[in-house]
Structure formats: structure tokens, C-alpha cells
Amino acid sequence: ESPESSPVPVSAMALISGRVPAGHAVVTRIARRGISSIGSSVTPFWPTELDASVSDGSLKNSLGSLGSLGSAERTAFLPGRGIALSGDLADFAGRKPTPLSLTEILGMKTPERLQSILQEELPVRLANRIAHLDMLPDLEDMSDILSVRGDFSAAFQEVRQAKPEDFKDVIRSFKKRNEDHALRLTRGMAAWSDLQRTKGEPYEETRAFVDSFLNRLFLSRIGMETLTSQYLALSKCPDGMVDVTCDPCKVCASAAKQVTELAGEYFASVPRVEISFHGSEKARKLPLIPHYLFYIVAELLKNSFRAVAETHLASGATGNPEPLQIRVACDEAQVALLIMDRGGGIPFERQPHVWSYMYSTARGNQICQETGHMLDQGTASPTPFSGYGVGLPLSRLYAEYLGGSLHLMSMPNFGTHAYLFLQQSSDREEALPNYVNWLRKRKLREEIQHYESSEKIAAAS
């Protein structure tokens, strides 16, 4: 997960006594409660998955038409209460994933070389994700999340059993199943959050747990997406989907062009995008995965386009809105991108929530102005320009995976500045979630629950 939400080790005594950090309190309390039914949730629209656009190493369809939303029905693996790992799955879940650097990935010039790495590393990452999902209380009631778990389990077996000549087809099948995982996970965790609220759990604590849980899952997903997409792209390009001389200005221009065309279908007045470069031309290009940079810039631009268009309309002004500004600057160590708009900014009470998967301006979230806490999640229909609730948090994870960072600075009634920093070095390792042995953690939780049950029986006798 992101460094800001790294897991805090908790001792058995701390769990037993209830003296646990805030991020863990909701987990232990929820685990002790019963299971109740859950209502249906509204299915949001979803942007085309990156997996579908990077598999062939092209930028096409990065903002294409919306794909299939998928369904839990296509996965028959629906484990019941008390899910437990065994055999090879348990063995691999106890292993630590190995992060690779961009230099190492680029050094594998043929699909065959990367295939040997995938056959060893992919089962470890899949098993870790399965074990992580199994830690979720009330998992057996969450059909969307169970369907994703079933896909992971099937992929684990297929990768382990694949013959060399069939491996490429296995990876294509794996990526096809992955296309709507982000949707199903986000939708499933929204339903899980609703379930916890019916049990009386505080919304803010539940939301914090959901954000941390999804950050870890999605960051791990990005790593597997990168390795599998690179493997398939090597068949068409010597460097795969990595551009060793990527020009951020060109990527920004491509993203601006597509978002501008999309905005023309939704807004009466569309701002112009101005891009400028500041720095040495020698340091302008860097080894990078352009598809991820494209995704980040497009998401930021969509937010800015909507804010500027709506502010311009509300003001009653005539003519064209003020242009959006993209500034690209660099030195020998880093490349920095700044996206600026005059779209009215983000109210101070909403700013702490913009990185949450449970927050979206289009859904009409209600925020308490005195405390800054979210009061209601809202149900308004989303559009391609707002309402997914995942654009910003996923963009930050892609930036972190690339060894960089994403920050927002917003001034209410004025505008917003988004800062993206990327490292020049190709020796940086891929960012993976901090390793947690989920099997040991689960065993500890079960021992604590057994201890509490014995204490209650003893007290009642």
C-alpha cells in the first residue's frame, strides 16, 4: 500500500487488550460481530481498464469506450465461512514477493526470459493477494470480492500448471479476467462498508480501513499488470511497453487531446490546454512506462476540465474559459509535472477526502463543515468526468509504483495545482505493498478469538 498507510505491527497482547492503532481497531471490532444481509449496490460506470490498453504496448483505447462490467456469476469458486489456504497456495502465500527494477525488466529482451520470472513470481503475488482477501471480515457475504478471489485462485493454478508453449495463452486469459477487477473490488468494498455501517461501525474508521485495504490490493495489482503486459508486449517491441526515451510533454499532449475530445461531448465550453517545458533538453526524456503517465495525466485533466467548465458556466461568462496549464520541468534526478486550473478549487472540508475510494463529487457526498467528516456517501449517477471515486487514489498508486509521488494543492474559490514527481533513474525498484505474512496474522487473530470465546465460557460457568 502507499507509504502513508503502511501497516503497523500489532502484538497479540495489544489485540487482546484492545489497545491497537486506529487503523486496526475497526478490523478487530468488525471481526467480533455477527453476519447480516446486505442490500444491492448501484453499479457505477467504469473507465476502460489499463490492462486492456497496455497488453499490446499501444496507447489506443486508454480513454476508450466502457468495457464489460463483469459479474460474479462467471466464477464458481465461492468458499464458505472459515476460508483456509492449504497445499501450494499456503506455501506461496508465506513467501515474500521480489520487486524488480526497471533496469532488470528492460534487461529481459525476450518473452522467454521474462516468462521464467513470471512463472516463479506471479504465483507468489497471487497467493499473497488471496491470503490478504481472506483476512477481510464477512468475506463470505461479499459476492464481488469472492469472485475476484476465485479468479486469483484459478490464475494461480493455471500459471503453476502451464506448459511453456501454452504460457502466453494463460497470461492472456489471466489479463482478460482482470479487466473488471478494480470495479468489482471497489464495488464490493463499498457494499462491505455499507454492511459495517448497518452494524454500527463509525463511517470514518470503516472508510479508512477500506482505503488502506484497496491501496494494498491495487498496488500489488499494478505490479502484476506491469510484468504480464511487458511479457506480451515484448513479442512486438524489443523494449516492450517501456519507452527508454519517453518524452513527458508528448504524453501530456496525447492525454490532453483525448480528454479535450471527450469533454466536447459533455460541456458547452471546453478550456484549451497549454503545455510548456522548463529545463535542459538532455534531461527531458527518461525511461518510463508511458501508459501509466498517460493515465495519471488524463485523470488529473478530467478533474480540471470539469471544474473549469462548471465554474465558467456558473459565472455566466461568455467566450472561452481560462486555459489549463501543464508545466514540465526537470533536472538530472527528477522530472516534475504541474497541472494548474482556475476551476474554483476544492473546499477545505472536502480536501482530506479526495484520496478516498469512497468519495466522489458526482455522488453528492455530504461533508460536515465543522468536523470535516463525511456524513453521507451519496448516490448520484457518475459520468466519464466524475463519479468513479477511484481516479485520484489510483493515479497516486501508479505514481508511487513508478517511484514518484502525486500531490494536490487547492485554493477554494480559485483553483487547484496537481504536482507529479518522477525519478530519472531506471534502477528504482517497483513499489510493492509492505510485506505481511497474512497466514501468520490470520492464525494470530483466530487464536485471539478462541481466547476470548474461552474467557466468555469460563465467565458464564
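**Salt bridges and sheet packing in a predicted model**

In this predicted model, Arg 184 is buried, with a relative accessible area of 0% (buried means under 20% relative accessible area, exposed over 50%, and partly exposed in between, with a 1.4 Å probe and protein chains only). Arg 184 has its place in helix α9, where helices (H or I, at least four residues) and strands (E, at least two) are DSSP runs numbered from the N terminus. The side chain of Arg 184 makes a polar contact with the side chain of Asp 151, at 2.8 Å. A polar contact is a pair of N or O atoms within 3.5 Å; within protein, one must be able to donate a hydrogen and the other to accept it, and residues adjacent in sequence count only if both atoms are side-chain atoms.

Residues are numbered from 1 along each chain as its sequence is written, and side-chain values use heavy atoms, with hydrogens and water left out. As the model is predicted, local features need pLDDT of at least 70 and side-chain atom pairs count only at pLDDT 80 or more, while totals for chains, interfaces and linings use all residues.

Charged pairs come next. A salt bridge is a side-chain nitrogen of Lys or Arg within 4 Å of a carboxyl oxygen of Asp or Glu, and by this rule the count comes to 23 salt bridges. One of them joins Arg 149 to Asp 134, with the closest N and O atoms 2.6 Å apart. Arg 149 lies in helix α7 (residues 143-161) and Asp 134 in the loop between α6 (111-133) and α7, so this pair ties together parts that are 15 residues apart in sequence. Both ends are buried: Arg 149 at 2% relative accessibility and Asp 134 at 6%.

Asp 138 forms a salt bridge with Lys 199, and here the closest N and O atoms are 2.5 Å apart. Because Asp 138 lies in the loop between α6 and α7 and Lys 199 in the loop between α9 (181-198) and α10 (203-233), the pair ties together parts that are 61 residues apart in sequence. Asp 138 is buried, with a relative accessible area of 6%, and Lys 199 is buried as well, at 13%.

A further salt bridge links Glu 322 with Arg 342, the closest N and O atoms being 3.6 Å apart. Glu 322 sits in the loop between α12 (290-315) and β4 (324-330), and Arg 342 in the loop between β5 (334-341) and β6 (366-367), 20 residues apart. Glu 322 is partly exposed at 46% relative accessibility, and Arg 342 is partly exposed at 41%. Elsewhere, salt bridges that share partners join Glu 121, Arg 125 and Glu 430 into one network.

Now to the strands, where two strands pair if DSSP finds at least two bridges between them. Five strands form an open sheet in the order β2-β4-β5-β9-β8, with mixed pairing. β2 (273-278) and β8 (405-411) stand at the edges with a single partner strand each, so one side of each is left without a neighbour in the sheet. Within the sheet, β5 and β9 (residues 415-423) run antiparallel and are joined by eight bridges; Ile 339 stands opposite Ala 418 in β9.

Helix α11 (residues 248-263) lies across β2, β4 and β5 and runs at about 175° to β2. Helix α13 (residues 391-401) packs on the sheet, touching β8 and β9, and its direction makes about 140° with that of β8. For these angles, axes are lines fitted to C-alpha atoms, for helices over the stretch in contact, and angles run from 0 to 180 degrees between N-to-C directions.

Technical notes
Contact means heavy atoms within 4.5 Å.
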